[in-house]
Amino acid sequence: MDFTEEQINRYARHILLPEVGGEGQARLLSSRVLVVGAGGLGSPLLLYLAAAGVGTLGVVDDDAVDLTNLQRQIVHRTASVGRMKADSAAETLAAVNPGVKVIRHPVRFTAANAEELMAGYDVVADGSDNFETKFLLNDACYFAKKPLVGGAILRFAGQVYTFKAYEEGDGPCYRCIFREPPPPDSVPTCAQAGVLGALCGLVGSTQAVEVLKELLGIGESLAGSLLVIDALTTTFRKIRAKRDPGCPLCGAHPSIRDLSIHAH
């Protein structure tokens with residue numbers, strides 16, 4: 001594609017990278033990423049994807065901005081309290097990079113709308129804050145054959161992962177590592193246990209790096225590994241994970257064949 005002078009200046013530091021260059025930047029500009037959740041993880045993820053020039057960003061979130069969000073959800077402003085997060089995020093992203101198209105999806109990601117919401121997107125990023133959505137995203141992306149770049153945070157601990165279990169090989173899905181959601185109320189939420197705000201930036205920004213790598217086809221995919229972060233000790237561990245032959249989704253004899261398991 002032919003870049004405008006403004007685009008050449010805006011993306012100059014990307015274009016200088018041999019692994020990206022003009023061809024890679026053009027690929028980003030034509031790419032589409034769906035981000036589920038515009039909260040602690042979705043905020044840095046969306047900001048960096050918009051700044052990078054990912055051409056179309058879908059924002060799925062049915063929640064409104066609360067004052068307690070602002071300690072970590074940096075895509076929102078104090079003046080946005082009470083507004084829908086999808087709208088608030090879209091406004092901020094437009095200010096960061098008006099050349100990026102933002103599609104607002106002010107709804108909850110469910111089994112009923114998963115296929116429709118994901119249609120047309122190249123990569124799906126999980127910024128959700130509950131196990132129900134995480135397992136649904138894992139299953140939906142597996143059936144739709146879309147890369148899923150996820151993250152999780154609590155207190156001072158974080159995780160980042162990429163799942164592409166639909167590909168040939170021994171790459172796992174989320175269920176290969178965490179078979180099923182934990183019992184209700186057995187794991188505290190950030191609202192109950194707290195979370196260091198800056199940790200969300202670390203995990204969400206790492207997700208953005210992995211999304212960009214998937215779009216560009218560069219580097220080593222995180223698929224097949226789980227990155228575990230401990231902010232208190234400043235340690236990063238990359239744990240190799242393989243497909244579980246007994247996985248009910250991607251194993252040898254799957255019992256989950258559609259999203260009906262998530263229907264309520």
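## Basis of the description

A residue is called buried when its relative accessible area is under 20%, exposed when it is over 50%, and partly exposed in between, with a 1.4 Å probe and protein chains only. By this definition phenylalanine 163, at 5% relative accessibility, counts as buried.

The model is predicted, and local features need pLDDT of at least 70, side-chain atom pairs count only at pLDDT 80 or more, and totals for chains, interfaces and linings use all residues. Residues are numbered from 1 along each chain as its sequence is written, and side-chain values use heavy atoms, with hydrogens and water left out. Helices (H or I, at least four residues) and strands (E, at least two) are DSSP runs, numbered from the N terminus.

## The sheet

Eight strands make up an open sheet with mixed pairing, in the order E3-E2-E1-E4-E5-E6-E7-E8; two strands pair if DSSP finds at least two bridges between them. Strand E3 (101-105) and strand E8 (235-240) stand at the edges, and each has a single partner strand, so one side of each lacks a neighbour in the sheet. From one strand to the next, the twist averages 15°. Axes are lines fitted to C-alpha atoms, for helices over the stretch in contact, and angles run from 0 to 180 degrees between N-to-C directions.

Strand E5 (residues 148-154) runs antiparallel to E6, and seven bridges join them. Isoleucine 153 has glycine 158 of E6 as its bridge partner. Glycine 158 in turn has isoleucine 229 as its bridge partner in E7, and E6 and E7 pair in the antiparallel sense over five bridges. E7 is also antiparallel to E8, to which six bridges join it; serine 225 is partnered there by arginine 240 of E8. Five of the six residues of E7 are buried, so this strand is largely enclosed by the rest of the structure.

## Loops with positive phi

The loop between E5 and E6 contains arginine 155. Arginine 155 is not a glycine, yet has a positive phi of about 55°. At 42% relative accessibility, arginine 155 is partly exposed.

E7 and E8 form a hairpin with four residues between them, and threonine 234 in the turn has a positive phi of about 50°. Threonine 234 is exposed, with 60% relative accessibility.

## Helix H4 and serine 43

Nine of the eleven residues of helix H4 (residues 42-52) are buried, so the helix is largely enclosed by the rest of the structure. Among the buried residues are Pro44, Leu45, Leu46, Leu47 and Leu49. H4 lies across strand E1 (32-36), strand E2 (56-60) and strand E4 (123-126), and runs at about 165° to E1.

Serine 43 belongs to H4 and counts as buried at 0% relative accessibility. A polar atom of the serine 43 side chain lies 2.7 Å from the backbone oxygen of glycine 39. Leaving aside neighbours within four places in sequence, serine 43 is in contact (heavy atoms within 4.5 Å) with Ala38, Gln73, Ile74, Val75 and His76.

## Helix H7 and threonine 133

Helix H7 (residues 131-144) packs on the sheet and touches E1, E4, E5 and E6; the direction of H7 makes about 170° with that of E5. Threonine 133 is in helix H7 and is buried, with a relative accessible area of 7%. Not counting residues up to four places away in sequence, threonine 133 touches Val36, Arg108 and Ser128.

## Aromatic residues

The structure holds six aromatic pairs. Rings of Phe, Tyr and Trp (its six-membered ring) pair if their centres lie within 6.5 Å; planes under 30 degrees apart count as stacked, over 60 as edge-to-face and the rest as tilted. Phenylalanine 163 and tyrosine 174 form an edge-to-face pair, 6.0 Å centre to centre with 70° between the planes. Phenylalanine 163 is in strand E6 (residues 157-163) and tyrosine 174 in helix H8 (residues 174-177), eleven residues apart. Tyrosine 174 counts as buried, at 4% relative accessibility. Ring pairs link Phe135, Tyr161, Phe163, Tyr174 and Phe178 into a cluster.

Arginine 32 lies over the face of tyrosine 121, at 4.8 Å from the ring centre. A charge sits over a ring if NZ of Lys or CZ of Arg is within 6 Å of the ring centre and within 35 degrees of the ring normal.

Methods
A polar contact is a pair of N or O atoms within 3.5 Å; within protein, one must be able to donate a hydrogen and the other to accept it, and residues adjacent in sequence count only if both atoms are side-chain atoms.
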